[in-house]
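This briefing is intended to be read alongside the sequence and the coordinates. Please keep both in view while working through the points.

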Amino acid sequence: MSHRGADEKRLAETLSSIGKKFIVLSGKGGVGKSTVAVNLAVGLALDGKKTGLLDTDLHGPSVPKMLGLEQFLTSGDETHLEPAVLYDGNLKVMSVQFLLKNLHDSVIWRGPLKHAIILQFIGHTVWGALDYLIIDSPPGTGDEPLSVAQTVKPDGAVIVTTPQEVATFDVRKSIDFCEKLDLPVFGIIENMSGFICPHCNRETAIFSTGGGRKMAEDLGIPFLGAIPIDPQFVVKSDAGKAVIGNGPSTIVHEAFAAVINRIIQ
Ligand code: ADP
């Protein structure tokens with residue numbers, strides 16, 4: 001069997017032991033896509049679900065930093081990549097960062113190589129049996145989400161946007177991408193939706209509010225929740241911690257819990 005044929009066979013075997021697969025997409029960078037992917041995966045793991053989190057953002061992998069894993073190097077060989085294991089074994093994480101010898105090395109690859117590494121990441125990572133695989137992707141509709149859509153065939157896409165039209169305009173392209181690839185859109189999350197001032201308790205719509213909800217309604221797509229701007233995201237992710245599972249319950253925790261319940265149901 002050719003190298004490629006062997007990779008594809010291995011991929012099919014690996015996918016057969018994974019329950020549900022979700023890809024997290026956004027039209028733009030910086031809207032909180034990795035934050036959502038990390039917190040969804042952690043929420044599922046805390047709920048006792050065997051969860052994999054695959055970071056396919058090859059040029060800007062944020063997942064390791066957000067989980068305090070930026071120094072983690074995978075062991076095993078290229079056909080048995082050992083993921084980082086967290087939350088009592090319930091969360092397994094793989095990222096290109098785990099293959100880089102130096103913390104700040106960049107990845108300079110063209111499309112075909114990216115496709116090959118994504119196939120390898122999914123097929124050759126020692127995931128074991130998983131209930132859920134959450135796949136973080138770079139913003140937009142380029143090589144990485146295309147490879148995932150065609151090879152993994154996720155059960156659904158979770159689309160993350162901020163509320164303003166400049167962001168929702170690009171998200172429409174992500175939805176078009178899903179339609180063209182027969183990838184079901186699981187729903188839209190509106191992140192950075194308003195800011196409640198901790199001093200005066202008044203809400204300021206820094207990036208406007210309601211744009212994600214309106215787009216979901218216009219397109220007949222489920223709206224999964226609005227997450228406000230909350231400085232705890234920056235503080236915690238810079239410290240390598242998820243927001244979910246850390247600190248008292250807030251509107252943010254409730255929004256994630258609602259999405260996780262929908263995924264589980
Ligand atoms: P993307 O994956 O879309 O590029 P990230 O998840 O890396 O975006 O988030 C970009 C930055 O915004 C990070 O510093 C993250 O901590 C912060 N962030 C994400 N969501 C929120 C939020 N709701 N409130 C405040 N900061 C947030």
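The structure is a predicted model. The protein chain has 9 helices and 9 strands, and 52% of its 265 residues are buried. Its radius of gyration is 18 Å, in agreement with the value near 18 Å that a compact globule with 265 residues would have.

**Overall dimensions, surface and charge**

- The C-alpha trace of the protein chain spans about 65 × 40 × 35 Å along its principal axes.
- Among contacts in the protein chain with a separation of 6 or more, 76% are accounted for by residues 24 or more positions apart.
- The protein chain has an accessible surface of about 12,200 Å², and carbon and sulfur atoms contribute 53% of that area.
- There are 24 positive and 29 negative side chains in the protein chain, and 1 Å separates the centres of the two sets.

**Nonpolar core**

- In soluble globular proteins, nonpolar side chains tend to be buried together.
- The largest nonpolar core here has 72 residues, of which Leu 53, Leu 67 and Val 93 touch the most other members.
- Helix H2 (residues 33-46) supplies the largest share of this core, namely 8 residues.
- Setting aside residues up to four places away in sequence, Leu 67 touches Val 38, Val 42, Leu 53, Leu 86, Leu 91, Val 93 and Gly 240.

**Ile 135 in strand E5**

- Ile 135 belongs to strand E5 (residues 130-136).
- With a relative accessible area of 0%, Ile 135 is buried, because residues under 20% count as such.
- Beyond its neighbours within four places in sequence, Ile 135 is in contact with Phe 22, Ile 23, Val 24, Leu 54, Thr 56, Val 148 and Val 152.
- Ile 135 and Val 24 are 111 residues apart along the chain, while their C-alpha atoms are separated by 6.0 Å.

**Phe 256 in helix H9**

- Phe 256 lies in helix H9 (residues 251-264).
- The relative accessibility of Phe 256 is 1%, so this residue counts as buried.
- Not counting residues up to four places away in sequence, Phe 256 touches Thr 35, Val 36, Asn 39, Leu 40, Ile 227, Phe 233 and Ile 244.
- Phe 256 and Met 66 are 190 residues apart in sequence, and their C-alpha to C-alpha distance is 17 Å.

**The loop between E3 and E4**

- Gly 89 is located in the loop between strand E3 (84-86) and strand E4 (91-95), and Asp 88 is also found in the loop between E3 and E4.
- Asp 88 has a relative accessibility of 81% and therefore counts as exposed, the threshold being over 50%.
- Gly 89 is partly exposed, because its relative accessible area of 24% falls between the limits of 20% and 50%.

**Backbone angles to check**

- Most residues other than glycine have a negative phi.
- Asp 88 has a positive phi, near 55°, although it is a residue other than glycine.
- Met 192, also a residue other than glycine, has a positive phi near 60°.
- Met 192 is part of strand E7 (residues 185-196), and with a relative accessible area of 22% it is partly exposed.

Conventions. Residues are numbered from 1 along each chain as its sequence is written. This is a predicted model: local features need pLDDT of at least 70, side-chain atom pairs count only at pLDDT 80 or more; totals for chains, interfaces and linings use all residues. Side-chain values use heavy atoms; hydrogens and water are left out. Helices (H or I, at least four residues) and strands (E, at least two) are DSSP runs, numbered from the N terminus. The radius of gyration is taken over C-alpha atoms; the globule rule is 2.2 Å times the number of residues to the power 0.38. Buried means under 20% relative accessible area, exposed over 50%, partly exposed in between (1.4 Å probe, protein chains only). Contact means heavy atoms within 4.5 Å. Accessible areas come from the Shrake-Rupley method with a 1.4 Å probe; for residues, only the protein chains shown count as cover. Lys and Arg count as positive and Asp and Glu as negative; His and the chain ends are not counted. The place of a charge is taken as NZ of Lys, CZ of Arg, CG of Asp or CD of Glu. A nonpolar core is a set of buried Ala, Val, Leu, Ile, Met, Phe, Trp, Tyr and Cys residues joined through side-chain atoms within 4.5 Å.
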